[in-house]
Each structure stands twice: as structure tokens, then as C-alpha cells.
Amino acid sequence: MKEHPVTELTVIRCNHNYNAWKAVRSEVGWAFAGTFRSFERPTAADAVASGALSGVPCKTVDITDAACSIAPWDTLPRAMSDAVCAAATRGDKVLSLNGYCMLAPAVAGGLMRGLPAGTRLGVVWLDAHYDNVVLEATEAHETTLVGIPLSTLIGATASAWRTTSCKMPEPLPASCLLHADGRVWVPEERESALASGIRIVEESEFADLEQWKRHVTSLADAVDALYVMFDADIMAAEWVPGFYRAEPGGLSREEVLERLACVMETGKVVAASTWCFDFDREPEAVRVNAESQGAVVQEILTGWGFSS
């Protein structure tokens, strides 16, 4: 694999345990609700920090304190966006070690503000789900915030949250977002994603390494910098038994790492998130999740030219 050495690395951490923050419909529109919840057990991220990241020179930023407020769905994205912006302004590579995909617009917002003016940003989204609910179009009374990050990124929903809380100054053009593999889908999310212009990589295409390489190359040629959002459920359930729930299908850990390596080899990845590995599960599930997350982090570090 080609190495792309860098000088500095910023690792962002947050001790927030998933608790299904929600968007709830009211008579005057949509309102967000939720609380901050800490982990009660050791996490996969703890193991990765003392394993794959051990000995790697980096700045560690903990945004936990900013999230402990009466409106963490606002303060946590703000803190994430500002931490990413500061790192990108310094020219650091950025690794968001733990969190959940609702924070992706905040990472993108930080990159948009911190990278040199005129930088064309692309996003590679590795996830079993589409996360593409459009609040203004859904008939649901409520939805979790992990259901809206894609639609938020491209400006299809939650524009006030995107600009104010995630500090993302403008939407990402849909053609600059590559999504795979979306094997667990809700009709309205899939239909809106297909209609939006997002680059959709079907499960069968993702399974074909050569097809995947072509999709990655096409996006990389169209942008200057890439952000990789890696959701744990892109792997088959046996590789992430500590995930929120077991999802059907999926590739093995090694197969997914091959596909991640294709993205890293573009030399354009400036930020990555390794999310949804932690849900306060029993020790054995945490151990396996940590092994998988550690392998993902190691692939990213290798692509950036770091070694422990």
C-alpha cells in the first residue's frame, strides 16, 4: 500500500453512549430531544486507544464536557465541528474515534471551515443503512437523529441544525457523497437517496472489489479531499457482536478492510470516523468489537503513514 506520510494527527473522543436522540414532530415543526449518557463499562474505543493507537504521536481532544448540557444534540455537534475545524486548520489528519453517525454533518462542517478555501470535499459513507430520512417529507411522528445525517449533509432536511449546531456552512453536493452498502433499508430512505443524486453503491457492487474501486476512483477524481464515515454495521454481525442489534448480511472484516484500503490509497482522505462500535455491551462482545475497530483504525493509520 502506498504511504502518505503526515506530520500530525488529531484524535477526537467523547464519552457519550448512544441513547437515541430524537426529532419529534410538533404543531410548530420538528424539535430535537435527548440527554447525555455516559458509558458504564469499558468500551471498544478504550481498548483501541491503548492498542492500535498506542505509541502513535497525536493530539487527543475530549469533547465530553461540552456534551453534558441540557441540549447535547446542539452542544456536542458544535464541539465536534470546532475540534475538527481546529485540526484541519493546522493541517492535521482527523480521526473521530468514537461516536455515532448523527455527528457526520458536524465533522463535515469542521472540515469545510478548516480546510483551505475552495477545497472540494467528498464523503465516503460505509453503512448498512441509508440514514436519509427527510423530516419535511416523512409521515412518521418521530425519528432518531441517526436517521437524518445523509439527508442533512446534502441539505435535504434539518437546515437550521446543520448550520447552527453542526456549523456546516453549506450543503454537500449530493454527487460528492458515495454511499455503500445500504443493505438494510427503509423504502422512503432508499427512494429519497436514489432521487437525490447521491452516488449509491449497491450491496452487490460493494461485494465486487473491482466495481468498488471504480466507484472510489470516480469520486476521488472529482474532489480534493475525502472524509470517510465508517459505521461498524458495514461488517457482518459476527465481527461486531456488540453493535446495537445484529443486522443481516454484510462482508467479513477482512473484506471491508480491503475496501477501506482502496479509499485510503487515493491519498485524499483527510478525516475518518470509526463509529457505532460502543453500546455498553458485555465484555466478550466489547472485546470482538475492539478487535474490529482496532483493525479499522490500523488501516486508516497505515494509509496516512503512521505506525504504532
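Select helix α9, residues 209–222, in this predicted model. Then show what covers its buried residues. The cover includes three strands by the names β6 (121–127), β8 (177–181) and β10 (225–231). Also included are β9 (199–200) and the helices α8 (203–207) and α10 (253–264).

Now look along α9 itself. The helix has 14 residues. From first C-alpha to last, α9 reaches 20 Å, close to the 20 Å expected at 1.5 Å a residue.

Next, pick out the side chains. Which residues of α9 are buried? Trp212, Val216, Leu219 and Ala220 are. Why do they sit on the same side of α9? Because they cover an arc of only 100 degrees around the axis.

Turn to the face of α9 that points away from this buried side. Select Arg214 and Asp221 there; both are exposed, that is, over 50% relative accessible area.

The model has 4 cavities of 30 Å³ or more. The largest cavity holds about 60 Å³ of space. To find the largest cavity, select Asp278, Phe279, Asp280, Arg281 and Val286. Of the 13 residues that line it, these are the closest to its centre.

Now colour that lining by residue type. The lining of the largest cavity divides into 7 nonpolar, 3 polar and 3 charged residues.

Last stop: helix α11, residues 283–303. Which share of the cavity lining comes from α11? The largest share, 3 residues, comes from this helix.

Terms used: Residues numbered from 1 in each chain as written. Predicted model: local features only at pLDDT ≥ 70, side-chain atom pairs only at ≥ 80, totals over all residues. Heavy atoms only, no water. 1 Å grid on protein atoms, 1.4 Å probe; cavity = no way out; pocket = protein on both sides within 12 Å on 5 of 7 lines; lining within 4 Å. Points joined across faces, edges and corners; volume = space filled by probe spheres on them. Helix = DSSP H or I, 4+ residues; strand = E, 2+ residues; numbered from the N terminus. Nonpolar A, V, L, I, M, F, W, Y, C, P; charged D, E, K, R; others polar. Expected span 1.5 Å × (residues − 1). Buried < 20%, exposed > 50% of the residue type's maximum accessible area, 1.4 Å probe, protein only. Arc of directions from axis to C-beta. Contact = heavy atoms within 4.5 Å.
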